[in-house]
Amino acid sequence: VLDDNRMLCLPNGERIRLNDATLRMLFEVDNVEMASPATISRLGIVNLPERALGYLSPVLTRLNTILPGSTPSNIKDSVTQMFKSTLPKALAFMRAELAEEIVSVDINLCLSCCNIFEALVNAFFEHELTIATFASNPSSLAEKSHFRTGVREDDMLQLLEYFFGFSIVWSIGSNLDAQSRLKFSDWFR
């Protein structure tokens with residue numbers, strides 16, 4: 001319960017005062033069935049059902065900022081097609097046939113895939129800014145970046161395919177139980 005004085009009252013009786021100047025909290029919940037109208041108004045809750053947004057739109061938006069500005073358009077199109085064709089199939093297979101260790105939502109798994117993919121691509125960039133800070137936006141580095149010189153387009157695409165495979169295995173496949181990991185590995189191969 002969060003009361004009018006910004007006091008968070010936990011079920012065990014502990015009370016935590018939330019400091020408006022130094023603390024911001026973001027709660028991502030599966031539903032708001034137990035939230036009162038007062039709680040919703042205090043927290044400024046926005047209820048956005050997963051089906052309203054889907055997961056491909058944020059992924060495609062994110063992909064536009066990951067690849068370097070000098071990446072040929074046919075390579076960008078191929079990478080986009082990899083995400084558009086493989087992610088829905090992987091998620092459908094996971095939801096229908098496999099068991100997760102911790103319950104997850106599709107958008108989180110997809111954006112985790114994008115984060116891993118971006119980290120791998122960034123490791124192959126050449127750019128002036130070599131140190132990223134918490135204040136910088138790594139995705140904005142892509143506009144001023146380019147792949148290392150001398151990389152042929154077919155090698156670039158093959159490298160990005162490897163990066164994508166690694167990303168999907170360690171995002172969607174990482175939260176599966178032991179038996180499901182084996183099934184996912186067989187399916188993905």
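Modeller: A salt bridge is counted here where a side-chain nitrogen of Lys or Arg lies within 4 Å of a carboxyl oxygen of Asp or Glu. In this predicted model, Arg95, Glu100 and Asp106 are linked in a network of such bridges. Between Glu100 and Arg95, the closest N and O atoms are 2.8 Å apart; between Asp106 and Arg95, the N to O distance is 2.7 Å. Asp106 belongs to helix 5 and Arg95 to helix 4, so this pair ties together parts that are eleven residues apart in sequence. Because its relative accessible area is 15%, Asp106 is buried. Arg95, at 36%, is partly exposed, and Glu100 counts as partly exposed at 23%.

A kink of about 25° lies at Thr86, shortly before the proline Pro88. Thr86 is also among the buried residues of helix 4, which include Ile75, Phe83, Leu87 and Met94. The buried residues of this helix pack against helix 3, helix 5, helix 6 and helix 7.

The structure holds three salt bridges. One of them joins Arg62 to Glu118, with the closest N and O atoms 2.4 Å apart. Arg62 lies in helix 3 and Glu118 in helix 5, so the pair ties together parts that are 56 residues apart in sequence. Both Arg62 and Glu118 are buried.

Conventions:
Residues numbered from 1 in each chain as written. Predicted model: local features only at pLDDT ≥ 70, side-chain atom pairs only at ≥ 80, totals over all residues. Heavy atoms only, no water. Bend = angle between axes of the 7 residues up to and from the residue. Helix = DSSP H or I, 4+ residues; strand = E, 2+ residues; numbered from the N terminus. Buried < 20%, exposed > 50% of the residue type's maximum accessible area, 1.4 Å probe, protein only. Contact = heavy atoms within 4.5 Å.
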